[in-house]
Amino acid sequence: MQTSICFFNTLTRKKEAFSPLEPGNVKMYTCGPTVYDYAHIGNFRAFLFEDLLKRWLLYRGFKVTHVMNLTDVDDRTIKGSQKQQVPLKQFTDFYAKAFFEDIKVLNIQSADIYPRATAHIPEMVALIKTLMAKGYAYQGEDGSIYYAISKFPDYGKLSKIKIAKLKPGARVSQDEYAKEEAQDFALWKAWVPEDGDVYWETELGKGRPGWHIECSAMSMKYLGETFDIHCGGVDNIFPHHENEIAQSEAATGKRFVDYWMHNEHLLVEGKKMAKRFGNFFTVRDLLAKGYDPIAIRYLLLSTHYRQQFNFTFEGLESAKGAVERLRNFVRRLHEVDGGKDSEGKVATLTAKLEACFGGSMDMDLDIGTALASLFDFVREINNLLDTNMVSKQEAADVGGLMMRLDEVLGVIGRVEVEEALPADIDSLVQKREAARKAKNWEEADAIRAQLKQMGIVLEDTSQGVRWHKEKA
Ligand SMILES: [Zn+2]
């Protein structure tokens, strides 16, 4: 078991050696999507950082239990469903399905559990009752139940927000604060006519949970009262995660989370992403423009998670080039046949890459340095391949390492090796491509049929046309 991993902990603002509570087993919770719209690339930057983190822990031999919630009842989902005039469940199911489709195309590994807030109301009610019994929560004159932050001396320890200026009686009932100011916040929101048919009749009265209590209840249910890692974007630090700590630690009297990890914001072409700036993109928007989802994945992964990331279309193009370089390299390794032995050079380079890549990733997921060492390696092995100085066995060893590292990166995938097409067939394939481009479907179909008679089957893929020989 590798124990030299360090992570930057938002709680202490320091890099700390990572060791899970239970040796070898990591329990992590990541705030999931609010299913009221398609998730945008800023959201996916967070989900891809978390994917990289999890894949790195797995690569280092840890077992990881990963829980990601779906926020399917909050201010935004209620508003959205009313606007579309559909029941809340129908509305959130639609966007939850879209979310799962998006993470699949981005090759994000699934969490072990995706708890939905609406399926955990009793757990939330129990947690709020505990907070009331312990004196941390009170009922406001509006019937809602609020958390009294003045009762929790540690309030502000994650975000470092000051509560000195707290005005008596200042409280906030919205999930998202209008002001970045510490205030008593709603745990349970008494029903108001604007909530329509979204309410639960509980011991706390008719109403619905606040957003923050959802994550406390669901994380502790599946991971225990204290667990290892909690992630989210920096905009979650306050108030969401600060409030989660206040709720959870007041209720249990125990430390809630050991390592808090947050990714920085994403900018688009140097600006904050917003619909009104016309620079707001979902993954679907980019796919519709013809971009490869794996290039999007690579781009969003390749900047260190704690750096602000500037998304540009130029960057997306170069990400596409980087992914192609890696795939071509692996393809080239497959094609090595009967080269000379490198006399230990390949083994030396391989060991160096493993050490550099591993050492960088262990240091708070320093992906930039890890990728630089990977591309240095690719260049040096390519130089050896150019002079036919790599044996078949060495090529297989390098290919094996590339596949192991791709367990972490998830961008190479299965590379298919095609034999060169005989010239007459190749010219037919090209003729058909030209016909397709000219939208001359009749001719394109005729050529396809002709090729089929010759035993060649064509597949049109997003990466262009592929072919295989029909099995006899
Ligand atoms: Zn959350």
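## Cys-31 and the zinc site

Cys-31 is buried, with a relative accessible area of 9%, where buried means under 20% relative accessible area, exposed over 50% and partly exposed in between, using a 1.4 Å probe and protein chains only. This is a predicted model, in which local features need pLDDT of at least 70 and side-chain atom pairs count only at pLDDT 80 or more, while totals for chains, interfaces and linings use all residues. Residues are numbered from 1 along each chain as its sequence is written, and side-chain values use heavy atoms, with hydrogens and water left out.

The SG atom of Cys-31 coordinates the zinc ion together with SG of Cys-215 and NE2 of His-240, at 2.1 to 2.2 Å; donors are N, O and S atoms within 2.8 Å of the metal (3.2 Å for Na, K and Ca), and sites may look incomplete because water is not among the atoms. Along the chain, these donors follow the spacing C-x183-C-x24-H. The two cysteines link distant parts of the chain, 184 residues apart, since Cys-31 lies in the loop between strand 3 (25-30) and helix 1 (41-59), whereas Cys-215 belongs to helix 5 (residues 211-223). Helices (H or I, at least four residues) and strands (E, at least two) are DSSP runs, numbered from the N terminus. Cys-215 is also buried, at 0% relative accessibility.

A search of the whole structure finds 0 disulfides, a disulfide being a pair of cysteine sulfur atoms within 2.5 Å. For Cys-231, the closest cysteine sulfur is that of Cys-31, and at 8.9 Å it is too far for a bond. Cys-231 counts as buried, with 0% relative accessibility.

An open sheet is formed by 4 strands in the order 4-3-11-12, with parallel pairing; two strands pair if DSSP finds at least two bridges between them. Strand 4 (63-68) and strand 12 (257-263) stand at the edges, and because each has a single partner strand, one side of each is left without a neighbour in the sheet. From one strand to the next, the twist averages 20°.

Strand 11 (residues 227-233) runs parallel to strand 12 and is joined to it by 6 bridges. Within strand 12, Trp-260 is the bridge partner of His-230.

## An antiparallel hairpin

Strand 1 (residues 6-9) and strand 2 (residues 14-17) run antiparallel and are joined by 4 bridges, with Asn-9 standing opposite Lys-14 in strand 2. The two strands form a hairpin with 4 residues between them, and Arg-13 in the turn has a positive phi of about 60°.

## Helix 1 and helix 10

Helix 1 packs with helix 10 (residues 345-362) at an angle of about 125°, and their axes are 11 Å apart. Axes are lines fitted to C-alpha atoms, for helices over the stretch in contact, and angles run from 0 to 180 degrees between N-to-C directions. The angle makes helix 1 oblique to helix 10, as angles under 35 degrees count as roughly parallel, over 145 as roughly antiparallel, 65 to 115 as roughly perpendicular and the rest as oblique.

Leu-53 is found in helix 1 and counts as buried, at 0% relative accessibility.

## The chain as a whole

The chain has 14 helices and 17 strands, and 52% of its 472 residues count as buried. Taken along the principal axes, its C-alpha atoms fill a box of roughly 85 × 55 × 40 Å.
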